[in-house]
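Q: Take a close look at one part of this model for me. Then set that part in the context of the rest of the chain.

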Amino acid sequence: MVDQMGISFYDTVKINDVFSKQGWPIDEVNKSSLYHRFLQTYIQLDSTERDLFIKLSAMYRWVSFSEYQQLIVPLMEQAVQKYYGKKTQDVWIYPIKKAEHLGTIKSSDLVAYLCKAVQLQHSDILYKRKFHVLGSLDLVRAKKQKFKDRPLLILDDFIGSGKYVSDVIDELSQNGIPVSSVVVCSLFVSENGLKQVSNTGCRIEYIEQAQNILSSISPQEKELLTQIEDTLGVEEEFRLGFGGSANLITLIRTPNNSLPLFWLDKGRSHTAPFPR
């Protein structure tokens, strides 16, 4: 039995099972829905590629906004307990953004702003603290004397290759903020990003590590994934995700460190489930 999209009843059962276990909505009406995008990707693959796609999808992590609101509390509790004294009230926050990007909105702004959320006031560890969000490099520079003997927490939702945050750390250092005072705080971090931040000499706090999935698939499956990326026309720098991160994660946006199979959207030729 095959429907008009060329998907058998058995295929539909497998796909719906993934959606059910992942808690993803099965929206058969909206043609731009995750469900329809998933089907569009699925029908372009051969049987062996479909099996791999289903396997990878079962490992995929889609982080909802409500999870951001939940995870910011333990992240800040970790950082405050480790780097601030019990009597210290002021906690200084800076979104992970290069100076050239300060005029644009990035996910780091969202995470930094969540430090003002009421949820933090419900924590015995955080409710007496006053969180100050510094929205520009000029403001950080103006407060640099404070960071000679206390930490500056720089925040984001995801650290991928680690190159971007390393550039931000360099900017801060060039503007008088000691690297030893900078603490990187992120909801999620990739294996590559964790190594890169550690190499800068900065300390890092995070809630969950996004695994490189290559250790979870066979050499044959890796080769098959490479073939799929050939067909999709993935640019060299994004092969297996930017920096070879091979992550399977979507947050408010999908980082390019995730496998391109899930985010590379080429219009009618390929409608990605989690487009960037």
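A: Leu-153 has Val-183 as its bridge partner in β5. That bridge is part of the pairing of β4 with β5, which is parallel and has seven bridges. Strands count as paired if DSSP finds at least two bridges between them. Strands are DSSP runs of E with at least two residues, helices are runs of H or I with at least four, and both are numbered from the N terminus.

This is a predicted model, with residues numbered from 1 along each chain as its sequence is written. Local features need pLDDT of at least 70, side-chain atom pairs need pLDDT 80 or more, totals for chains, interfaces and linings use all residues, and side-chain values use heavy atoms, without hydrogens or water.

β4 also pairs with β2 (residues 90-95). That pairing is parallel too, over four bridges. In it, Pro-95 is bridged to Leu-155 of β4. In a regular strand, side chains alternate between the two faces of the sheet.

How many residues of β4 are buried? Eight of the eight are, so the strand is largely enclosed by the rest of the structure. Buried means a relative accessible area under 20%, exposed means over 50%, and partly exposed lies in between (1.4 Å probe, protein chains only).

β4, α7 and β5 form a right-handed β-α-β unit. Right-handed means that, with the strands pointing away from the viewer, the path from the first strand over the helix to the second runs clockwise.

β5 (residues 182-190) carries the pattern on to β6 (residues 203-210). Seven bridges join these two strands, which run parallel. Here the chain passes from β5 through helix α8 (residues 191-200) to β6, again as a right-handed β-α-β crossover.

Along with α5 (107-113) and α7 (163-174), it is among the elements that give two or more residues to the lining of the largest pocket. A pocket is an open set of points on a 1 Å grid over the protein atoms alone, where a 1.4 Å probe fits and protein lies on both sides within 12 Å along at least five of seven lines; lining residues have an atom within 4 Å of a point. The largest pocket holds about 760 Å³ of space. Volume here is the space filled by probe spheres set on the points, with grid points joined across faces, edges and corners. Lining residues number 27, and those closest to the centre are Lys-106, Tyr-164, Pro-255, Asn-256 and Asn-257. Ala, Val, Leu, Ile, Met, Phe, Trp, Tyr, Cys and Pro count as nonpolar, Asp, Glu, Lys and Arg as charged, and the others, Gly among them, as polar.

The second largest pocket has about 180 Å³. Its lining includes Val-80, Gln-81, Tyr-127 and Arg-129. By class that lining has four nonpolar, three polar and five charged residues.

Gln-121 contacts Tyr-127 and Arg-129, leaving aside neighbours within four places in sequence. Contact means heavy atoms within 4.5 Å. Gln-121 sits in the loop between α5 and β3 (130-133). It is partly exposed, at a relative accessible area of 41%.

Helix α2 (residues 34-43) is another enclosed element. Eight of its 10 residues are buried, so it is largely enclosed by the rest of the structure. Its cover includes α1 (9-22), α3 (47-58), β1 (61-62) and α10 (260-263).

Most residues other than glycine have a negative phi. Leu-240 has a positive phi of about 60 degrees, though not a glycine, and Ala-246 has one of about 50 degrees. Leu-240 lies in the loop between α9 (219-232) and β7 (249-250). Ala-246 is in the loop between α9 and β7 as well. Leu-240 is buried at 13% relative accessible area, and Ala-246 is buried at 0%.

Finally, the whole chain. It has 10 helices and seven strands. Buried residues make up 49% of its 276 residues. Of contacts between residues at least 6 apart in sequence, 66% join residues at least 24 apart.
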